[in-house]
Amino acid sequence: FGVNEEALFENEDDPYSIALKTYDEVNSDLYDLGITPDHLLFSTMIDTVAAYTSSDSIERRQRLEQIFQDACTAGSVSSMVVQALANACPSIEMLKTMLQLRTWPVESVNALPREWVRK
């Protein structure tokens, strides 16, 4: 996509920085609103990271790993999250590692650990 990642962090008002800040606020329920993150939030954030980082960047790798881990912890891994992750991962090997799979594609989210998809 050709986005200069260093420039993204110079301006806290750019869309990527706002998305990251909002994600952290919602994920931690910063304002005690009783908000529970769901598969829509996680898949949207995965798409956002993919749009604003280069495919071979450490930033993308780390953000994808963290967002996916948050989705797993929340029990909110859906087919939408898996598809967003598949589109965003720079390699099939990274995707298979994150999903703890030996092969790709996965036929169903039912093939994933049950605690990841409980909601």
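A residue is called buried when its relative accessible area is under 20%. By this criterion, Met94, Leu95, Lys96, Met98 and Leu99 are buried in helix H6, which covers residues 92-99 of the predicted model. The cover over the buried residues of H6 includes helix H4 and helix H5, the latter formed by residues 79-88. After H6 comes Gln100, which has a positive phi, near 55°.

Confidence in the prediction was examined for the protein and for its elements. The average pLDDT of the protein is 88, and 90% of the residues reach a score of at least 70. Among the elements, helix H3 (residues 39-52) has the highest mean pLDDT, at 98. The lowest mean, 50, belongs to helix H1, which consists of residues 5-8. Where pLDDT is low, predicted coordinates should not be read in detail.

Glu65 belongs to helix H4, which is made up of residues 58-74. The relative accessible area of Glu65 is 40%, so this residue is partly exposed. When neighbours within four places in sequence are left aside, Glu65 is in contact with Met94 and Met98. Both of these methionines are among the buried residues of H6. Between the C-alpha atoms of Glu65 and Ile46 the separation is 9.6 Å, and the two residues are 19 apart along the chain.

Aromatic side chains were considered next. The structure contains three aromatic pairs. In one of them, the ring centres of Tyr23 and Phe42 are 6.3 Å apart and the ring planes meet at 75°, so the pair is edge-to-face. Tyr23 is part of helix H2 and Phe42 is part of helix H3, so the pair ties together parts that are 19 residues apart in sequence. Tyr23 counts as buried because its relative accessibility is 5%. Phe42 likewise counts as buried, with a relative accessibility of 0%. Another edge-to-face pair is formed by Phe68 and Trp116, with 5.3 Å from centre to centre and 90° between the planes. Because Phe68 lies in helix H4 and Trp116 in the segment after H6, this pair ties together parts that are 48 residues apart in sequence. Phe68 and Trp116 are both buried.

Asp14 is located in the loop between H1 and helix H2, the latter being residues 15-28. Asp14 is buried but has no salt bridge. The nearest side chain of opposite charge is that of Arg63, 10 Å away. A salt bridge requires a side-chain nitrogen of Lys or Arg within 4 Å of a carboxyl oxygen of Asp or Glu. The side chain of Asp14 does make a polar contact, at 2.8 Å, with the side chain of Ser17.

The other two aspartates are found in the loop between H2 and H3, namely Asp29 and Asp32. Asp29 is not a glycine, yet its phi is positive, at about 50°. A positive phi of about 50° is also found at Asp32, again not a glycine. Asp29 has a relative accessibility of 18% and therefore counts as buried. Asp32, by contrast, has a relative accessible area of 69% and is therefore exposed.

Notes
Residues are numbered from 1 along each chain as its sequence is written. This is a predicted model: local features need pLDDT of at least 70, side-chain atom pairs count only at pLDDT 80 or more; totals for chains, interfaces and linings use all residues. Side-chain values use heavy atoms; hydrogens and water are left out. pLDDT is the predictor's confidence in each residue, from 0 to 100. Helices (H or I, at least four residues) and strands (E, at least two) are DSSP runs, numbered from the N terminus. Buried means under 20% relative accessible area, exposed over 50%, partly exposed in between (1.4 Å probe, protein chains only). Contact means heavy atoms within 4.5 Å. Lys and Arg count as positive and Asp and Glu as negative; His and the chain ends are not counted. A polar contact is a pair of N or O atoms within 3.5 Å; within protein, one must be able to donate a hydrogen and the other to accept it, and residues adjacent in sequence count only if both atoms are side-chain atoms. Rings of Phe, Tyr and Trp (its six-membered ring) pair if their centres lie within 6.5 Å; planes under 30 degrees apart count as stacked, over 60 as edge-to-face and the rest as tilted.
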